[in-house]
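This briefing is meant to be read with the structure in view. It takes up helix packing, then the sheet, and then the surroundings of the ligand.

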Amino acid sequence: MRLKFLFKPRQPQLATGGDVKLRYLGPVDANAFREHIHDLHFEDFRDRFNGRVSDEWLDRYIARSLNEAIVVGAFDDDHLVGVAELHTGGQIEPGEGESAFSVASDWRHKGVGTILIKALLRAASENDVATILVETGAQNHAMKALAQRFGARMSFAGDQSIGRIDVAHGLSLAARMPEKRSFPTPPGGGRGRPGSGNAEVRN
Ligand SMILES: CC(C)(COP(=O)(O)OP(=O)(O)OC[C@H]1O[C@@H](n2cnc3c(N)ncnc32)[C@H](O)[C@@H]1OP(=O)(O)O)[C@@H](O)C(=O)NCCC(=O)NCCS
C-alpha cells in the first residue's frame, strides 16, 4: 500500500476570536476523537460510517486517520465539536483526496461544517490535492447540501452519492462567502458550553 504523508504547513486560521476554534489533530487526540464519534446521535453516526461499526474497527480507523490523514478539529473550549478528514494515497487517485465530516449532533446546522470544509480546501490546495471527494448516503441531505455550496458535482451510484469538489473553485466560492457567522449556543442538553451566548467566529 502506498502511503503519502500530508504536509501540515500552518494551522487552519478560519476561526478566531470566538467560541469555535480550529486546529489539526494528531495521535494524541485519539480519545477526544473517539468520544466525539461516540457522542453522535444514531442517525448521524450511521450517516458518518454508512452503518454500524465495531469499537475495534473504530479504534483502528481513528488511529489510521490521525497518523496518515489531515484531520482538522473544531473546538468549543477544549470540547471537540467537529472533525474533517482528508485522506490520500492507497486506492485514491493522485491529485484526489477523500473527505469525511462529523459535527456533534447538538452543533449541527450552525456553520461548523462550513468552516471545516473551508479548512480542508486550504489544506488540500497546500498538498497538491486538486479534487476533494465527498461520498455519502443518497439520503444525506445535509452533507450533499454542504458539498454543493462548495461547487460539488454530484453523481449517484445505488444508495450512495459522490460529490467531486474542484479545490480551486471551492476556494473561490469560499472567498465570496460572508466573513462572519454567528454560532448560537447549542441546546442545554448538549455538551456545548452553556450560557456562552452568540459568539462571532471569523471564517
Ligand atoms: C453533514 C454535516 C457535517 C454538516 O455539518 P453542519 O455543521 O451541520 O453544516 P453547516 O451548519 O455548515 O451547514 C452548511 C449547509 O449545509 C446544509 N445543511 C446543513 N444541515 C442541513 C440539514 N439538516 N438539512 C438540509 N441542509 C442542511 C445547508 O445548506 C447549510 O447551509 P445554511 O446553514 O446556510 O442553510 C453534519 O450534518 C454531520 O456531521 N452529519 C452527520 C455525519 C455525516 O453525515 N457526515 C457526512 C458523511 S462523511
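In this predicted model, α4 passes α6 in a left-handed crossing.

**Packing of α4 with α6**

- The helix α6, residues 167-175, packs with α4 at an angle of about 135°, and the axes of the two helices are 10 Å apart.

**Packing of α1 with α3**

- Helix α1, residues 30-39, and helix α3, residues 55-68, pack at an angle of about 130°, with 10 Å between their axes.
- That angle makes α1 oblique to α3, and the crossing of these two helices is right-handed.
- From α1 the contact draws on Ala30, Phe33, Arg34 and Ile37, and from α3 it draws on Leu58, Ile62, Ala63 and Leu66.
- The residues of the contact of α1 with α3 divide into seven nonpolar and one charged, with no polar residue among them.

**The sheet and the helix packed on it**

- Seven strands form an open sheet with mixed pairing, and their order across the sheet is β1-β2-β3-β4-β5-β7-β6.
- The edges are taken by β1 (20-24) and β6 (153-157), each of which has a single partner strand, so one side of each is left without a neighbour in the sheet.
- On average, and with direction ignored, neighbouring strands of this sheet are turned by 25° against each other.
- Within the sheet, β4 pairs with β5 (residues 131-137) in the parallel sense over four bridges, and Ser99 stands opposite Val134 in β5.
- Helix α4 packs on this sheet, where it touches β1, β2 (70-76), β3 (79-87), β4 and β5, and its direction makes about 35° with that of β3.

**The shell around the ligand**

- There are 22 residues around the ligand, and those that come nearest are Asp47, Gly113, Thr114, Ala142 and Ala145.
- At least two residues of the shell are supplied by each of α2 (42-49), β4 (96-103), α4 (112-126) and α5 (141-149).
- Helix α5 gives the most to the shell around the ligand, with six residues.
- Sorted by class, the shell around the ligand holds eight nonpolar, eight polar and six charged residues.

Terms used. Residues numbered from 1 in each chain as written. Predicted model: local features only at pLDDT ≥ 70, side-chain atom pairs only at ≥ 80, totals over all residues. Near = placed C-beta within 6 Å. Nonpolar A, V, L, I, M, F, W, Y, C, P; charged D, E, K, R; others polar. Pairing = 2+ DSSP bridges. Axes fitted to C-alpha atoms, helices over the stretch in contact; angles between N-to-C directions. Contact = placed C-beta atoms within 7 Å. Parallel < 35°, antiparallel > 145°, perpendicular 65-115°, else oblique. Left-handed = near helix turned anticlockwise from the far one by under 90°.
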